[in-house]
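This briefing concerns a predicted model with two chains under discussion. Please consult the sequence and the structure shown below.

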Amino acid sequence: MTVRGTALLVGILAALLAYLWLGEIRPRSGPARAKVPALLAVPPTDVARIDLEEHGRRLVAIRRDGKWVDAQGRPWRGDAVGDLLDTLGTLSPIMVVDPDPAEPSDYGLEPDTPRLRVMAAKGKELLSLEIGERNPAWTGLYARLAGQREVILVGAVLHWELEKLRDAAPEAENS
Amino acid sequence: MKTAPRLGVGLLATLLAGASRLAWPAPPTDQPWTLEAGNWQDGKDLLPEPVLKHLQKGDYWFKVVPVDAKKFHDNYAKKFWDLTAANEGKYELDEATCGLKDKATGKNPEFVVGLPFPKVDPNDPQAGCKIAWNFTFAGSGAGGGGATFTLNGVDSSGEFRRIKAFVHTMGYQGRLDGKLKDNPEKLEGQGVTAALEPQDVEGFSALTKRYWDWDSQDAIWAYVPQTRRARRVNAATRSEPVQGLDIFADDLNCYGGKVEYYKWKLVGQGTILAPVLKPTPFQMRQVNPSRYVVETPYMKAGYELPGSRGAPWWIQENLVFVQRPVWIVEGQSSDPYYNFGKVIMYFDREMYRIYWKLVHNRAGEYFYTAACGYHFVKNDETFSAVFPNLVIGVNDKINRAALGGRYQSSFIERNWDPGYFSLRTLTHMSD
């Protein structure tokens, strides 16, 4: 092989290596994709009280001696309260649907919309969420965090957990 | 203002619903009836919510047939129920894994047949896991079999893809014929599946071995004819779409994994419309000393019948629904490679089949419902089997579906050569 041929091959090899380094191997230096925080940023064990207020009815769950009771001290059935907290601890907003909605009612967010409040000891609010309608495909729920304008979409598993919560209430009227 | 019209519409709908309720009596319990958009209220407590929505829109309707509870119970042979009764008090669960444990030895039992937990107490914190074990053993009585079936991808304009494939399975546990003498690999069961059509997937095949222990993953090998190589794949691939269709390996029987893969939780009870080919058993015809053939009718879907009503993927013929009491159970995998998040399943409280499942992805979005249909096989009181013959997998996120199963002939094999379930079979499939 001639010197020119060898040089050509070395050149091709160098180009291939450069491509591999730049295109495939080199660590990406761009900013890491920020992980969207879960709706509930504290462990479920830090939660002392949950209020679900909807259509003039309020469901209350208060942690007492490691168990969940209502405002009258009656126990909640099953694990629905714990399941809801576990879900809130893993559920992040999927997307911002509307940063500044002209008509929040388009998303089922109205003055009497269901509101979920999660509190730590001494009434410190950990989460306050207005819960709107399901999206057309029923894959998620429209919602809004307290004090914010933007409408977010959260997974419909929250709808399932809230249904379980309603079914597990000590009695129908728990206000 | 949008509130007032919405309220008005809501009130009107409520009034109409109430008025229409007065117009016809409650559905009969002793005669067939049809649940459809016009009387959707009658299905409110009989269907999962996303399915009810399709019913209201007219996409689906349900031919409901009456079923005698005792007769339905007798779809499983007396031998099965006797063995189930004899299991009372024999088994418990490994706390950490939900694995089945023999109370006498504290270990994985050597051989189990019949439901391991004849009675399930809904207040038992381990009820969900016990239900899952009963489900496993309700479906494993035949000991083995196979069928050639189709997978059909269907969207709003009709069928867009059709795959023909076969599956052959052999079980070591749960066999009504009794324990096999040799089980050198300590398996719960094994299976081979391969694609036959169309040409671009012909020869794709897989071998699965499920180990009879509490913590092993399934060993799955996938063979690609173009590369002539069989490679080991992760068991979590059960949650990946099959050939890009809206159907998953985990849809077989509505749950296709090892019991230990999920954390199970019983969250409720109810009554559901259960899809079956018919509420009574089919006969099996012996074709050689160990093999029996079962003929079943084909279930045509909307896309196969020009001018039919409803969703193109909805079954139009030879499928009926029976009202069955169910356990409502949540299942969730902790495997980070498993694509499903919370899965909600409706298990028959007596026959332990899953009829419906709702699937959320790991972000908590609901996206998928599977309806799982069955048929029963029984000739006498010493042997019976139940087989999955239909999956209607509906991806509500993209409004697309897939149908799986719908075979017209299947077989029960009571004496498989275990050597058939090998890598050699896999690699020589397309020779």
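The points that follow go from each chain to the contact between the chains.

The model is predicted; local features require pLDDT of at least 70 and side-chain atom pairs count only at pLDDT 80 or more, whereas totals for chains, interfaces and linings use all residues. Residues are numbered from 1 along each chain as its sequence is written, and chains are lettered from A and ligands numbered from 1 in the order in which they are written.

**Chain B: overall form**

- Chain B contains six helices and 20 strands, where helices (H or I, at least four residues) and strands (E, at least two) are DSSP runs numbered from the N terminus.
- For 431 residues, a compact globule would have a radius of gyration near 22 Å, and the 22 Å of chain B agrees with this; the radius is taken over C-alpha atoms, and the globule rule is 2.2 Å times the number of residues to the power 0.38.
- Along the principal axes, the C-alpha atoms of chain B fill a box of roughly 70 × 50 × 45 Å.
- Of the residues of chain B, 46% are buried, a residue being buried if 20 or more other C-beta atoms, placed from the backbone, lie within 10 Å of its own.
- Among contacts in chain B between residues at least 6 apart in sequence, 60% link residues at least 24 apart; two residues are in contact if their C-beta atoms, placed from the backbone, lie within 7 Å.

- Chain B is divided into domain 1 (69-138) and domain 2 (144-427), with bounds from an automatic or database domain assignment.
- The C-alpha centres of these two domains lie 21 Å apart.
- In chain B, 30 residues of domain 1 are in contact with 34 residues of domain 2.
- On the domain 1 side, α5(B) supplies the largest share, eleven residues.
- By class, that side of domain 1 of chain B has 18 nonpolar, eight polar and four charged residues; Ala, Val, Leu, Ile, Met, Phe, Trp, Tyr, Cys and Pro count as nonpolar, Asp, Glu, Lys and Arg as charged, and the others, Gly among them, as polar.
- Helix α5 of chain B (residues 127-138) has twelve residues and reaches 16 Å between its first and last C-alpha, close to the 16 Å expected at 1.5 Å a residue; the expected span is 1.5 Å times one less than the number of residues.
- Eleven of the twelve residues of α5(B) are buried, among them B:Lys130, B:Trp133 and B:Phe137.

**Nonpolar core**

- The largest nonpolar core has 157 residues, of which B:Trp313, B:Phe347 and B:Ile392 touch the most other members; such a core is a set of buried Ala, Val, Leu, Ile, Met, Phe, Trp, Tyr and Cys residues joined through C-beta atoms within 7 Å.
- The largest share of this core, nine residues, comes from β17(B).
- Leaving aside residues up to four places away in sequence, B:Trp313 touches residues including B:Val154, B:Tyr303, B:Ile392 and B:Leu403.

**Chain A**

- Chain A has three helices and eight strands, in the order α-β-β-β-α-β-β-β-β-β-α along the sequence.
- Buried residues make up 29% of its 175 residues.
- Helix α3 of chain A (residues 157-168) should span 16 Å at 1.5 Å a residue, and its end C-alpha atoms are 17 Å apart, which agrees.
- Among the buried residues of α3(A) are A:Leu158, A:Trp160, A:Leu162 and A:Leu165.

**Contact between the chains**

- Chain A and chain B contribute 16 residues each to the contact.
- In chain B, α2 (49-57), β15 (340-348) and β17 (366-380) each supply at least two residues of the side that touches chain A, and β15(B) gives the most, with three residues.
- This side of chain B divides into six nonpolar, four polar and six charged residues.
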